[in-house]
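Here is a note for a colleague who is meeting this structure for the first time.

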Amino acid sequence: MTVTYRVGKGLYVNLTNRCSNRCSFCVRESQSAVGDAQSLWLEREPLRQEVWEELDAQDLEAFDEVVFCGYGEPTERLDDLLWLAEKLKARGVRVRVNTNGHASLIAGEDVSARFEGRVDCLSISLNCPTAREYAELCSPEFGLEAYPGLLDFAQKAARFVPEVVLSVVEGTTDVDACRAVAEGIGLPLRVRARIE
């Protein structure tokens with residue numbers, strides 16, 4: 001069972017396989033792992049203490065950052081994610097969370113302030129320029145509320161997290177239209193290469 005794995009100069013944390021989206025282009029739909037992982041499908045969700053022991057056993061200074069990103073939405077386990085992030089920050093580690101931006105929708109309340117001091121960067125998958133296209137491409141459990149929910153979370157989180165960036169996958173959407181959405185809420189857009 002792979003809990004931590006390496007991609008480039010980052011150490012990645014695979015907390016869960018649960019996700020509030022089922023994106024048609026998601027890499028987990030076509031392969032079982034990325035980076036140096038054997039498989040990112042979990043037999044069970046690891047306890048946060050187990051995750052910390054695995055992180056603590058690594059030479060954390062050898063990595064540019066620790067990234068919460070696996071075969072699920074990391075904010076499905078928000079309390080555990082933030083507990084781990086706090087411990088990493090106490091060790092001087094840069095922390096990034098790759099997310100679909102549904103944290104507040106999942107929690108049922110605004111949780112943006114909880115990331116303050118714990119997370120250096122939120123990379124939020126915008127994926128599409130409109131709520132309807134998002135619903136079609138990502139099949140979110142929150143339906144048409146998912147897209148405005150992620151935009152609201154992104155704007156609010158930007159008050160508490162030093163770096164918030166929206167992202168799209170190359171070749172899956174109208175990048176210029178997405179860039180206009182990002183600029184409209186004052187955030188940068190990053191175009192990610194599609195993992196084949």
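1. The model is a predicted one, in which local features need pLDDT of at least 70, side-chain atom pairs count only at pLDDT 80 or more, and totals for chains, interfaces and linings use all residues. Residues are numbered from 1 along each chain as its sequence is written, and side-chain values use heavy atoms, with hydrogens and water left out.

2. Searching the whole structure gives 15 salt bridges, the term meaning a side-chain nitrogen of Lys or Arg within 4 Å of a carboxyl oxygen of Asp or Glu.

3. One of them joins Arg 91 to Asp 56, with an N to O distance of 2.5 Å. This pair links distant parts of the chain, since Arg 91 sits in the loop between α2 (78-90) and β4 (95-99) and Asp 56 in helix α1 (residues 48-56), 35 residues apart; helices (H or I, at least four residues) and strands (E, at least two) are DSSP runs, numbered from the N terminus.

4. Arg 94 and Glu 163 also form a salt bridge, at 3.1 Å from N to O. Because Arg 94 is in the loop between α2 and β4 and Glu 163 is in strand β6 (residues 163-169), the pair ties together parts 69 residues apart in sequence. Arg 94 is partly exposed, at 31% relative accessible area, a class between buried (under 20%) and exposed (over 50%), using a 1.4 Å probe and protein chains only.

5. Within helix α5 (residues 146-157), Lys 156 and Asp 152 lie four residues apart, about one turn of the helix, and their closest N and O atoms are 3.1 Å apart in a salt bridge.
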